[in-house]
Amino acid sequence: STGAVTLPFQPAFSAHKNGSDQLNLTVGSDTTITFGTERFDVNSDYDTSTSIFTAPVTGKYFFTVSTYLNQVDSAGNYIILGIETSNQSYRVILDNNDLFSNDADYHSMTSTAFADMDANDTAKVIINPNGGANQLDVNGSANYTFFTGCLVC
């Protein structure tokens, strides 16, 4: 009666790390963050083997990502966290060189994106440390490192 509709196959997923860390990420290179376990995946549009969501229909999709980082290099220039779709990059940046006087054992980065996607477009999460040593790790904790998304309209 209100016009709100919930359909049984409306795309929505929640994926998370499965206890395995991604260690010593390569400086200056986009690395896909892997999320190998699902809490749920309505319509089966998220692939745990590739960590890629594929839009089944054209629409507006909302994505969130949260990462738990270890060994953040204070000598690095910055860290980019991105939600990458077929049509657009949605990136946030952390200036670790100015924020940390020593290497940070623990830090989190989060991001969201409201993306216009066509059927069969894809979405994934990347991270790119710039400068410093190849020491940044993405922690494998399911509670702190996760990727979610859903079709909004």
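These legends walk through several close-up views of a predicted model.

The model is predicted, so local features need pLDDT of at least 70 and side-chain atom pairs count only at pLDDT 80 or more, while totals for chains, interfaces and linings use all residues. Residues are numbered from 1 along each chain as its sequence is written, and side-chain values use heavy atoms, with hydrogens and water left out.

**View 1**
The largest nonpolar core holds 30 residues, and Phe 35, Phe 53, Phe 63, Leu 69, Ile 79, Ile 127 and Phe 147 touch the most other members. β1 (12-16), β6, β7, β9 (104-117), β10 and β12 each supply at least two residues of this core. A nonpolar core here is a set of buried Ala, Val, Leu, Ile, Met, Phe, Trp, Tyr and Cys residues joined through side-chain atoms within 4.5 Å. Strands are DSSP runs of E, at least two residues long, numbered from the N terminus. Zoom in on Leu 69: leaving out residues up to four places away in sequence, Leu 69 touches Ile 79, Asp 105, Tyr 106, His 107, Met 109, Ile 127, Leu 136, Asp 137 and Val 138. Touching, or contact, means heavy atoms within 4.5 Å.

Ile 33 lies in the loop between β2 (31-32) and β3 (37-42), whereas Thr 67 belongs to strand β6 (residues 59-72). Ile 33 counts as buried because its relative accessibility is 0%, and Thr 67 counts as buried at 0% too. The cut-offs are under 20% relative accessible area for buried, over 50% for exposed, and partly exposed in between (1.4 Å probe, protein chains only). Not counting residues up to four places away in sequence, Ile 33 touches Lys 17, Gln 22, Ser 51, Thr 67, Leu 81, Val 125, Ile 126, Ile 127 and Val 138. One of these, Ile 126, is 93 residues from Ile 33 in sequence, yet the two are 5.6 Å apart in space, C-alpha to C-alpha.

**View 1. Two residues with positive phi, Ser 51 and Gln 71.**
Most residues other than glycine have a negative phi. Ser 51 isn't a glycine, but its phi is positive, near 60°. Gln 71 is not a glycine either and has a positive phi of about 60°. Where do they sit? Ser 51 is in the loop between β4 (46-47) and β5 (52-54), and Gln 71 is in strand β6. Ser 51 is buried, at 1% relative accessibility, while Gln 71 is partly exposed, with a relative accessible area of 33%.

How many disulfides does the structure hold? The count is zero, where a disulfide is a pair of cysteine sulfur atoms within 2.5 Å. Cys 150 is in no disulfide, and its nearest cysteine sulfur, in Cys 153, is 9.9 Å away. Cys 150 sits in strand β12 (residues 146-151) and is partly exposed, with a relative accessible area of 28%. Cys 153 counts as exposed, at 60% relative accessibility.

Apart from neighbours within four places in sequence, Cys 150 is in contact with Pro 11, Ala 12, Lys 60, Tyr 61 and Phe 62. Phe 62 is 88 residues away from Cys 150 in sequence but 5.5 Å away in space, C-alpha to C-alpha. Gly 59 lies in strand β6 and is buried, with a relative accessible area of 6%. Leaving aside neighbours within four places, Gly 59 is in contact with Ala 115, Asp 116, Met 117, Leu 151 and Cys 153. Gly 59 and Asp 116 are 57 residues apart in sequence and 6.0 Å apart in space, C-alpha to C-alpha.

Key: Helix = DSSP H or I, 4+ residues; strand = E, 2+ residues; numbered from the N terminus.
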